[in-house]
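The sequence and the structure come first.

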Protein chains: 2
Amino acid sequence: MTDPRLTPLAASLPATVPFVGPETQERAAGRAFTARIGANENVFGPSPRAIHAMEAASAEVWKYADPENFDLRHAISHHHGVPPENIAIDAGIDTLLGLLVRLTVTAGDKVVTSAGAYPTFNFHVAGFGGELVTVPYADDHEDPAALITKAVEVGPKLIYIANPDNPMGTWHSAEVIQRMIDAVPAGSLLVLDEAYIEFAPEGTAPALDVHDTRVIRLRTFSKAYGMAGARVAYAIGARDLIAAFDRVRNHFGMNRTAQIGAVAAIQDQGWIDHVRSRVGVARDKIAEIAAANGLVCLPSATNFVAIDCGQDGAFARRVLDALVAAGIFVRMPSVAPLNRCIRVSAGTPSDLDAFELELPKALAKARAG
Amino acid sequence: MTDPRLTPLAASLPATVPFVGPETQERAAGRAFTARIGANENVFGPSPRAIHAMEAASAEVWKYADPENFDLRHAISHHHGVPPENIAIDAGIDTLLGLLVRLTVTAGDKVVTSAGAYPTFNFHVAGFGGELVTVPYADDHEDPAALITKAVEVGPKLIYIANPDNPMGTWHSAEVIQRMIDAVPAGSLLVLDEAYIEFAPEGTAPALDVHDTRVIRLRTFSKAYGMAGARVAYAIGARDLIAAFDRVRNHFGMNRTAQIGAVAAIQDQGWIDHVRSRVGVARDKIAEIAAANGLVCLPSATNFVAIDCGQDGAFARRVLDALVAAGIFVRMPSVAPLNRCIRVSAGTPSDLDAFELELPKALAKARAG
């Protein structure tokens with residue numbers, strides 16, 4: 001029987017969750033993964049300066065974090081040359097997406113995204129009673145023109161796009177994204193998820209324009225900065241929209257140690273260069289492994305690579321299951337035809353050696369059905 | 001002009017926030033507080049074992065936290081003798097309250113609490129469109145009988161009580177609270193906030209009964225465990241209610257280092273005994289300081305003490321303002337007649353020396369008008 005104290009919306013929500021964690025799979029298997037290259041975590045870790053700052057701050061965790069995130073907001077402001085009042089900080093892009101959906105979407109409101117794009121965004125849209133309208137990927141890219149056409153048709157509160165894209169790793173140029181921003185219909189907001197932007201080539205991110213009320217940009221310390229477990233991300237947007245987050249966010253919701261680590265991390269851009277270089281090497285190695293197995297990789301502007309397994313989703317699923325059973329944590333897209341691929345994060349040399357060893361076996365198993 | 005993309009509810013919310021942080025006051029004053037004894041933080045800090053565990057985990061913060069919080073959930077389960085499926089973990093009681101309100105309260109739903117009780121709960125109720133119905137404190141205690149009477153009258157989704165209470169530090173016996181649980185009307189849920197329970201005398205917490213669907217209990221690592229900045233708290237309740245959190249929570253929302261620290265912290269109950277003892281000494285010292293200034297303290301089962309300044313709220317505000325101007329961070333209740341008090345956290349000897357020095361001057365200033 002449904003608990004009569006739940007709201008009708010809460011009562012209607014499914015028990016499904018966006019992602020199963022690798023630890024759950026490890027507990028089920030009774031052993032740890034050899035290679036943790038499934039969640040696009042940055043295995044090269046945070047800046048040593050950030051690690052040191054977090055270590056040094058551990059004993060002071062009895063203090064609540066500054067609810068204004070002042071130091072971090074100013075460090076981000078300095079890094080991007082954007083005023084602090086155009087920056088909202090919270091515990092990861094997931095939290096920012098949840099707050100943004102809560103601020104804008106109520107029962108019956110529409111939201112446009114791509115079929116197969118970030119599931120946690122969809123989780124939040126459903127969680128606030130919004131109606132998801134999807135368009136397909138085009139040639140393994142999210143399709144800006146189709147998203148805008150659909151938005152003009154259905155009048156959504158939000159239009160979501162990730163650039164570079166997750167789960168495919170593909171990207172559009174700044175010009176294409178800027179044209180998309182310029183075409184956002186009145187009454188809609190473009191949610192531009194740039195979680196992977198630090199890995200992308202120059203010319204992928206449009207210039208930041210904090211006067212543009214049509215777009216909100218999301219950035220994170222979880223990927224290039226190597227701090228996924230710290231839960232720090234930020235939104236850049238027009239002042240009034242950014243101010244609205246204060247009406248609903250948990251003002252004391254940030255981990256204090258993470259705040260301090262993130263300040264140190266953003267001030268060490270040399271480390272980001274180092275990470276970029278190591279990720280580049282890893283991407284090349286993944287492509288080489290794929291080629292040696294007769295497979296093709298999609299081009300990637302992220303810290304992961306989608307490998308086209310060359311058949312359908314059921315086949316890729318068998319490849320993935322065999323890899324997971326062999327101790328290699330990888331994931332795959334959920335929607336056809338994207339799900340002909342598996343998604344492999346840029347691992348350490350030892351991660352990728354393990355992957356190199358297991359991929360041919362997994363392919364053989366999958367081919368054997 | 002209001003942003004037409006905001007929901008009507010979001011557009012209607014005020015820009016006010018529950019609490020201003022001490023850092024904001026420090027920035028305004030241009031200097032750090034001498035004594036940080038206003039937010040009921042535990043100045044004695046977390047267990048050295050927890051600090052060590054967090055330091056050791058800092059370099060691994062590139063990994064997302066386990067979304068099932070398995071290790072921590074099992075450590076809490078072991079500590080309380082409660083099955084893991086009756087425990088929901090999230091980033092502080094504030095986050096759990098927000099999720100609980102979201103799950104249960106929609107436009108027009110009523111919620112019963114005490115006038116002057118925890119403002120962040122009220123922030124969430126307003127944030128989801130609920131209607132707050134309050135009853136007064138009775139003799140500086142929350143009034144279980146009045147809360148239940150009001151609940152029977154208005155049929156709220158939630159009834160909130162903190163035991164021990166914040167901001168007054170007073171408490172009820174387990175028998176009184178159990179009678180309250182037994183009297184919760186059908187269709188209502190009692191939110192029993194036990195953030196300070198580890199400081200209370202034996203016999204303050206009713207036995208945990210995970211089959212009782214009428215109550216949800218909230219516990220935190222922010223107070224006795226000294227980890228406010230880590231953002232870890234948990235709810236104990238009936239299985240279906242606990243499971244409902246999974247429908248809306250940020251599954252990857254926890255800080256991984258905090259998770260690891262909390263496991264170490266709950267396994268070091270010797271440290272909690274140590275903290276309790278130091279808090280006891282500090283409460284006695286605060287009472288002694290108050291008495292030396294002709295003031296009376298309320299009895300406290302928490303790590304803070306409400307000092308009755310002996311006049312009205314305007315007077316207590318002047319005392320508080322003078323203390324803050326002198327570098328002593330303290331807070332005060334917001335509602336008459338509670339606001340005749342200032343609220344002082346159990347500080348270190350040096351914190352309380354500073355308070356002892358400044359209180360007589362602050363009283364003199366306040367008396368001079």
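Predicted model: local features only at pLDDT ≥ 70, side-chain atom pairs only at ≥ 80, totals over all residues.

Residues are numbered from 1 along each chain as its sequence is written, chains are lettered from A and ligands numbered from 1 in the order in which they are written, and side-chain values use heavy atoms, with hydrogens and water left out.

**Interface of chain B and chain A**

- Chain B and chain A each bring 78 residues to the contact (heavy atoms within 4.5 Å).
- About 6,300 Å² is buried between the two chains, 58% of it from carbon and sulfur atoms; buried area is the accessible area (1.4 Å probe) that two parts lose on being put together, summed over both.
- On the chain B side, the residues that lose the most area to chain A are B:R5, B:W62 and B:Y64, together 15% of what that side buries.

**Polar and charged pairs**

- Four salt bridges are found across the interface (a side-chain nitrogen of Lys or Arg within 4 Å of a carboxyl oxygen of Asp or Glu).
- A salt bridge joins the side chains of A:E68 and B:R27, at 3.0 Å from N to O.

**Make-up of the chain B side**

- Helix 5 of chain B gives the most to the side that touches chain A, with five residues; helices (H or I, at least four residues) and strands (E, at least two) are DSSP runs, numbered from the N terminus.
- The residues of this side comprise 36 nonpolar, 21 polar and 21 charged, where Ala, Val, Leu, Ile, Met, Phe, Trp, Tyr, Cys and Pro count as nonpolar, Asp, Glu, Lys and Arg as charged, and the others, Gly among them, as polar.

**Sheet in chain B**

- An open, antiparallel sheet of three strands has the order 9-10-12; strands pair if DSSP finds at least two bridges between them.
- Strand 9 (296-297) and strand 12 (341-345) are the edge strands, each pairing on one side only.
- Strand 10 (residues 304-308) pairs with strand 12 over five bridges, and B:A306 stands opposite B:R343 in strand 12.

**Helix 11 of chain B**

- Helix 11 (residues 269-292) lies across strands 9, 10 and 12, at about 15 degrees to strand 10; axes are lines fitted to C-alpha atoms, for helices over the stretch in contact, and angles run from 0 to 180 degrees between N-to-C directions.
- B:R283 is in helix 11 and touches residues including B:F199, B:S300 and B:F304.

How values were computed
Lists of a residue's contacts leave out its neighbours within four places in sequence.
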